[in-house]
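Hi everyone, thanks for coming.

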Amino acid sequence: MSDPATQNRRAGFIALVGRPNVGKSTLLNQVVGTTLAAVANKPQTTRNRIVGILHRERAQLVFVDTPGIHHPKTPMNARLVSTARQALGDADVVVLVLDAAAGVTAADRHVAADVRGRPRTVIALTKADLVSRNALIPACAAAQALLPDAELVPVSGKTGDNVERLLEVLTAKLPTGPPLYPPDQVTEQSERFLAAEIVREKVIAQTRDEVPYTTAVVVEAFREEPARHLVVITASVIVERDSQKGIVIGERGQRIRDIGKAARLSLERRFGCRIYLELHVKVVPEWSRNPRMLGELGI
Ligand SMILES: Nc1nc2c(ncn2[C@@H]2O[C@H](COP(=O)(O)OP(=O)(O)OP(=O)(O)O)[C@@H](O)[C@H]2O)c(=O)[nH]1
Ligand SMILES: [Mg+2]
């Protein structure tokens with residue numbers, strides 16, 4: 001570490017872990033300032049290890065969003081939990097994400113047990129925008145009791161409130177060393193993955209009940225047409241049953257059109273160009289139990 005280029009520089013992996021639906025992906029997107037991970041008011045939204053890189057003058061913070069840790073009941077969910085545990089084990093700093101509005105639950109205690117004993121830990125008590133100042137004090141105390149040695153920062157992934165403070169705390173905990181990624185790299189995820197994640201977010205937002213859990217999105221084609229300032233994306237929404245296909249398509253195709261429109265607007269923001277999006281809905285029975293399919297989806 002005597003190399004002057006690495007002196008006063010820090011870099012490392014920061015895993016965001018927590019029970020499902022606490023707000024990990026919202027925090028990741030807030031930190032990097034763009035949509036990398038789908039966000040939804042449903043558990044088990046995130047299915048992959050999603051990397052978001054923040055470049056600062058003296059530090060590179062490599063955030064790793066993870067699936068929610070829970071007691072899995074299906075083979076796919078078992079893979080999600082093992083992805084999260086792996087990222088937790090590989091991280092330089094672990095952020096236990098807790099929900100200020102929901103309070104500490106048994107599921108949070110379960111995750112805290114995994115985090116306890118790790119050398120560098122921080123608690124991000126997110127969704128602070130949902131609670132009053134008075135309610136925040138006991139919420140902080142309950143969260144802190146889970147990991148008494150961890151520094152706690154109340155934040156809002158939604159508004160960005162106090163996120164800068166969280167970044168300062170995390171930077172101070174990173175190992176010293178040179179950057180791990182080139183300065184223009186924002187993520188490890190491919191453009192196809194990012195596009196699929198955005199489409200999936202809109203499918204989840206516009207469908208109810210069992211459909212979100214049995215939906216996957218595969219981007220079949222991602223073609224840039226620079227002369228027309230256009231990217232042409234063809235994607236398939238995969239469901240497990242005909243009845244689910246009907247739900248996704250909606251009456252006279254209205255729902256799939258709404259999904260397509262919302263996704264296109266979000267994709268245009270994400271990629272900064274015009275997007276032509278073609279969506280198909282396919283039934284693949286039991287895809288979520290098919291190891292080959294799960295492998296293709298990086299799950
Ligand atoms: N008001 C408010 N809502 C939030 C905040 N963070 C997340 N949410 C909402 O909480 C829900 C879950 O957010 P996600 O970011 O998808 O949660 P997650 O922990 O990534 O969930 P999984 O991927 O399923 O484990 C969504 O409806 C978000 O809009 C926040 O800081 N404030
Ligand atoms: Mg998530």
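Let me start with what I mean by a pocket: on a 1 Å grid over the protein atoms alone, a pocket is an open set of points with protein on both sides within 12 Å along at least five of seven lines, and its lining residues have an atom within 4 Å of a point. Please keep in mind that this is a predicted model, where local features need pLDDT of at least 70, side-chain atom pairs count only at pLDDT 80 or more, and totals for chains, interfaces and linings use all residues. Residues are numbered from 1 along each chain as its sequence is written, chains are lettered from A and ligands numbered from 1 in the order in which they are written, and side-chain values use heavy atoms, with hydrogens and water left out.

So, to the largest pocket. Lining it are 24 residues, with N21, G23, T26, V39 and K127 nearest its centre. Its space comes to about 430 Å³, a volume being the space filled by probe spheres set on the grid points, which are joined across faces, edges and corners. By class, the lining has 8 nonpolar, 11 polar and 5 charged residues. Here Ala, Val, Leu, Ile, Met, Phe, Trp, Tyr, Cys and Pro count as nonpolar, Asp, Glu, Lys and Arg as charged, and the others, Gly among them, as polar.

What sits in the largest pocket? Ligand 1 does, meaning that more than half of its atoms lie within 2 Å of the pocket's grid points. Of the 23 residues around ligand 1, K24, T26, T45, T46 and D129 come nearest; a residue counts as near if one of its heavy atoms lies within 4 Å. Helix α1, residues 24-32, supplies the largest share of that shell, 3 residues.

Now the polar contacts, pairs of N or O atoms within 3.5 Å. The side chain of T26 has an N or O atom 2.6 Å from an oxygen of ligand 1. For D129, a side-chain N or O atom is 2.7 Å from a nitrogen of the ligand. G68 uses a backbone N or O atom, 3.3 Å from a ligand oxygen.

Finally, the second largest pocket, with a volume of about 290 Å³. Of its 16 lining residues, F193, A196, V217, E296 and L297 lie nearest the centre. Helix α6 gives the most to this lining, with 5 residues.

Methods
A polar contact is a pair of N or O atoms within 3.5 Å; within protein, one must be able to donate a hydrogen and the other to accept it, and residues adjacent in sequence count only if both atoms are side-chain atoms. On a 1 Å grid over the protein atoms alone, a cavity is a set of points where a 1.4 Å probe fits but cannot get out, and a pocket is an open set with protein on both sides within 12 Å along at least five of seven lines; lining residues have an atom within 4 Å of a point. Helices (H or I, at least four residues) and strands (E, at least two) are DSSP runs, numbered from the N terminus.
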